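Colleague: I am new to reading protein models. Could we go through this one feature by feature?

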Amino acid sequence: MAAVSKSLLLRLSSGVKFSGRLISVPVPKRGSSTDETSSNEALVSRIHDESTGIRTLTLNNPRKRNALGRDMLQSLQDELDNCSFNSVDKDNPVRVLVIAANGPVFSAGHDLKELTSEAGSNKHGEIFDKASKLMTSLQALPVPVIAKVRGLATAAGCQLVASCDVAIATEDAQFATPGVRVGLFCSTPGVAVARAVPHKLAMLMLLTGDPIDARAALSNGLVSRVVPSDRLDEETDALARKIASYSAAVLALGKSNFYKQVLEDTARAYDVSGAAMVDNLGYDDAQAGIDAFIAKRQQPKWADK
């Protein structure tokens, strides 16, 4: 999706429609943050395309390499908590969520200035709790989440990519869990990374801190697709539009079942998934789609469209 100028965002922050889109600047900078944004900038910007239901959340602190500091984490969480399934947003539904970033670095991970001994273990625990809640929230959302990755994603930034349902990266993107180099093992990022790539590669990344390139990330399952840098917007938008064209109810059921069944042994996974398919067949959209296929008609209009 094309970038929107700061001036345009500010002019349309009241929710004015523009070319079929609702564009707004959400969550203001929180006063206690160590994130170095200026007073009139938001840590996370939001663009919502009304015509497709595609919402893009953009990390907006490039001067700090989009570090996932306490306030950045909270800003992202606030956005997720107020997504489409919330009654406040029911007239402006989200069908696909895209996580992007401004600047040459997708995210450098946690803000180490918040992790010094002066902050204390209670504050440290709060930060990791916020990060863990955010990562699990992404997979609990009833809409697909796409990470749109340009540049470097390290530590919790790499964790964020691994926690999304799908990830599209540029050819020059890199991914790393380099905490060991500063004496802080990337234990929580390792949770998501180890569930996305083979354990041997996960441990190599965690033990050395060395980055892997986009092609290695693709071949090992950390990202879904690698594209030239000048095609990232186009390819991400095309994928989001394709997914958004399907039944939202069916996507929500399918995503929920996927994350349930992958935690089970094979036999139990088939039990869980079989029950999900039976439930799915009770959906009006499923029966409309099957009827259209049998009759060789075009894809039906889904109930939520």
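Colleague: Leaving aside its neighbours within four places in sequence, which residues is L68 in contact with?

Modeller: First, the ground rules. This is a predicted model, where local features need pLDDT of at least 70, side-chain atom pairs count only at pLDDT 80 or more, and totals for chains, interfaces and linings use all residues. Residues are numbered from 1 along each chain as its sequence is written, and side-chain values use heavy atoms, with hydrogens and water left out. Contact means heavy atoms within 4.5 Å. On that basis L68 touches L59, L73, L76, S107, G109, H110, D111, M135, A156 and G157.

Colleague: Where is L68 found?

Modeller: L68 sits in the loop between β4 (54-59) and α2 (70-81). Helices (H or I, at least four residues) and strands (E, at least two) are DSSP runs, numbered from the N terminus.

Colleague: Is L68 buried or exposed?

Modeller: Buried means under 20% relative accessible area, exposed over 50%, and partly exposed in between (1.4 Å probe, protein chains only). L68 has a relative accessible area of 0%, so L68 is buried. Now compare sequence and space. L68 and I127 are 59 residues apart in sequence, and their C-alpha atoms are 9.3 Å apart.

Colleague: How many residues of helix α4 are buried?

Modeller: In α4 (residues 156-163), 8 of the 8 residues are buried. Among them are A156 and G157, which are also on the contact list of L68. C158 is another buried residue of α4.

Colleague: How many disulfides are there?

Modeller: A disulfide is a pair of cysteine sulfur atoms within 2.5 Å. The count here is 0. Take C158: the nearest cysteine sulfur belongs to C186 and is 8.5 Å away. C158 has a relative accessible area of 0%, so C158 counts as buried. C164 is buried too, at 7% relative accessibility.

Colleague: Which residues of α10 are buried?

Modeller: Start with the general idea. An α-helix has 3.6 residues a turn, so residues three or four places apart point the same way. In α10 the buried residues are A269, V272, S273, A276 and N280. They cover an arc of only 90° around the axis, so they lie on the same side of α10. That arc is taken from the directions from the helix axis to the C-beta atoms. The buried residues pack against α9 (248-261) and α11 (284-294). The face turned away from them carries the exposed residues A267, Y270 and V278.

Colleague: What caps the N-terminal end of α10?

Modeller: D265 does, with a side-chain oxygen 3.2 Å from the backbone nitrogen of A267.

Colleague: What is the order of the strands in the open sheet of 4 strands?

Modeller: Strands of a sheet pair through backbone hydrogen bonds, either parallel or antiparallel. Two strands pair if DSSP finds at least two bridges between them. Here the order is β6-β8-β10-β11, with mixed pairing. β6 (105-107) and β11 (212-213) stand at the edges with a single partner strand each, so one side of each has no neighbour in the sheet. β6 and β8 (residues 152-154) run parallel, joined by 2 bridges. V105 has L152 as its bridge partner in β8.

Colleague: Where does T52 lie?

Modeller: T52 is in the loop between β3 (44-49) and β4. T52 is buried, with a relative accessible area of 11%. Beyond its neighbours within four places in sequence, T52 is in contact with R95, R241 and A244.

Notes:
A polar contact is a pair of N or O atoms within 3.5 Å; within protein, one must be able to donate a hydrogen and the other to accept it, and residues adjacent in sequence count only if both atoms are side-chain atoms.
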